[in-house]
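Biologist: Could you walk me through the salt bridges in this one, slowly please?
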Amino acid sequence: MKRFRYALDPLCLTALTLYALQRWAFDFPWLHGWFTDFLLIPAAAPLFLWVERRLGLRRHDENPTLRELIFLFVFWSVAA
């Protein structure tokens, strides 16, 4: 299986680019709130998965499993 590239994942890079464009280049008022919330998981999940890997909580460098993504979604939903 292909190795997960964490912060270099294309979806992560796209989410970070869209966030930066919305934040500093095109400040559309109707995009505030939901747009950045929508970008949170693809932008931040690789960072959290990398930290889990370094702490030994994640034992592989494969793409995130559905279980990992659901956990992050539930965690951020409760935290936010």
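Predicted model: local features only at pLDDT ≥ 70, side-chain atom pairs only at ≥ 80, totals over all residues.

Biologist: Okay, how many salt bridges does the count come to?
Modeller: The count comes to 3 salt bridges.

Biologist: Which side chain meets Arg 3 in a salt bridge?
Modeller: Arg 3 pairs with Asp 61, with an N to O distance of 3.7 Å. This pair links distant parts of the chain, since Arg 3 lies in the segment before helix 1 (10-25) and Asp 61 lies in the loop between helix 2 (34-55) and helix 3 (66-79), 58 residues apart.

Biologist: And is Asp 61 buried or exposed?
Modeller: Asp 61 has a relative accessible area of 19%, and because buried means under 20%, Asp 61 counts as buried. Arg 3, by contrast, is exposed, at 56% relative accessibility.

Biologist: What else forms a salt bridge with Asp 61?
Modeller: Arg 53 does, and the closest N and O atoms of that pair are 3.0 Å apart. Arg 53 itself is partly exposed, with a relative accessibility of 25%.

Biologist: Switching topic, what does Arg 58 pair with?
Modeller: Arg 58 forms a salt bridge with Glu 68, where the closest N and O atoms are 2.9 Å apart. Arg 58 sits in the loop between helix 2 and helix 3, while Glu 68 belongs to helix 3, and the two are 10 residues apart. Both partners are buried, Arg 58 at 2% relative accessibility and Glu 68 at 15%.

Notes
Residues numbered from 1 in each chain as written. Heavy atoms only, no water. Salt bridge = Lys/Arg side-chain N within 4 Å of Asp/Glu carboxyl O. Helix = DSSP H or I, 4+ residues; strand = E, 2+ residues; numbered from the N terminus. Buried < 20%, exposed > 50% of the residue type's maximum accessible area, 1.4 Å probe, protein only.
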